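Here are my notes for someone opening this structure without any background. Have a look around first, then go through the points in order.

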Amino acid sequence: MQSTKWCQSCEKCAFVFLLLSNFVDYEKLVSIFGADLFKKTDLFEVFKQLVGLQDHKPFECVGTIEESRFALLQAFKKGLLQGSLLEALGVELSHDISIEASELAMDAVRTNIPEDLKTKINFDI
């Protein structure tokens, strides 16, 4: 029986790990996933797809290319990609980031949550 609920090999796992690496303590994140997904060489092509460096981009259970690019750049700046194949992607994106954090922040407040439920949700992170 698997000790984690994450398969560690799909696009959804890669995206969620990437995004959460910006908000969750890294050791805790690795513990939650049961592995450091940045160091899994079999996910390298998936990460390239997520950040738009390949023709195909997964569309199910993942965010936009811009969100992925920004999250990967932030992970790179925090030093989380050191020693992984993704470090080269971080270097590449550090020279060519096409989205501002303020644009992502605006996307974060746009929701389809019904008004009566919004008051019950704490949006402060």
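1. Let's begin with Phe38, which counts as buried at 2% relative accessibility. Keep in mind that this is a predicted model. Phe38 sits in the loop between H2 and H3.

2. What does Phe38 touch, leaving aside residues up to four places away in sequence? Its contacts are Phe17, Leu18, Ser21, Tyr26, Phe47, Ala75, Leu80, Leu81, Ser84 and Leu86.

3. Phe38 also turns up in the largest nonpolar core, a set of 27 residues. Phe38 and Phe47 are the ones with the most contacts inside that core. At least two core residues come from each of helix H1 (11–20), helix H2 (26–33), helix H3 (44–50), helix H4 (65–77) and helix H5 (86–95). The biggest contributor is H1, with six residues.

4. While you're at H1, check which of its residues are buried: Cys13, Ala14, Phe15, Val16, Phe17 and Leu18. The cover over them includes H2, H3 and H4.

5. Now for the rings. The whole structure has six aromatic pairs. In one of them, Tyr26 and Phe38 are stacked, with 6.0 Å from centre to centre and 20° between the planes. This pair ties together distant parts of the chain, as Tyr26 belongs to helix H2 and lies 12 residues from Phe38. Tyr26 is buried too, at a relative accessible area of 17%. Ring pairs also join Trp6, Phe17, Tyr26, Phe33, Phe38 and Phe47 into a cluster.

6. How many salt bridges are there? The count is one. Asp36 pairs up with Lys39, and their closest N and O atoms are 3.4 Å apart. Lys39 comes out as partly exposed, at 44%.

7. Finally, step back to the whole protein. Of the 125 residues, 35% are buried. Take the contacts between residues at least 6 apart in sequence: 54% of them join residues at least 24 apart. The accessible surface is about 8000 Å², and carbon and sulfur atoms account for 54% of that surface.

Methods:
Residues are numbered from 1 along each chain as its sequence is written. This is a predicted model: local features need pLDDT of at least 70, side-chain atom pairs count only at pLDDT 80 or more; totals for chains, interfaces and linings use all residues. Side-chain values use heavy atoms; hydrogens and water are left out. Buried means under 20% relative accessible area, exposed over 50%, partly exposed in between (1.4 Å probe, protein chains only). Contact means heavy atoms within 4.5 Å. Accessible areas come from the Shrake-Rupley method with a 1.4 Å probe; for residues, only the protein chains shown count as cover. A nonpolar core is a set of buried Ala, Val, Leu, Ile, Met, Phe, Trp, Tyr and Cys residues joined through side-chain atoms within 4.5 Å. Helices (H or I, at least four residues) and strands (E, at least two) are DSSP runs, numbered from the N terminus. A salt bridge is a side-chain nitrogen of Lys or Arg within 4 Å of a carboxyl oxygen of Asp or Glu. Rings of Phe, Tyr and Trp (its six-membered ring) pair if their centres lie within 6.5 Å; planes under 30 degrees apart count as stacked, over 60 as edge-to-face and the rest as tilted.
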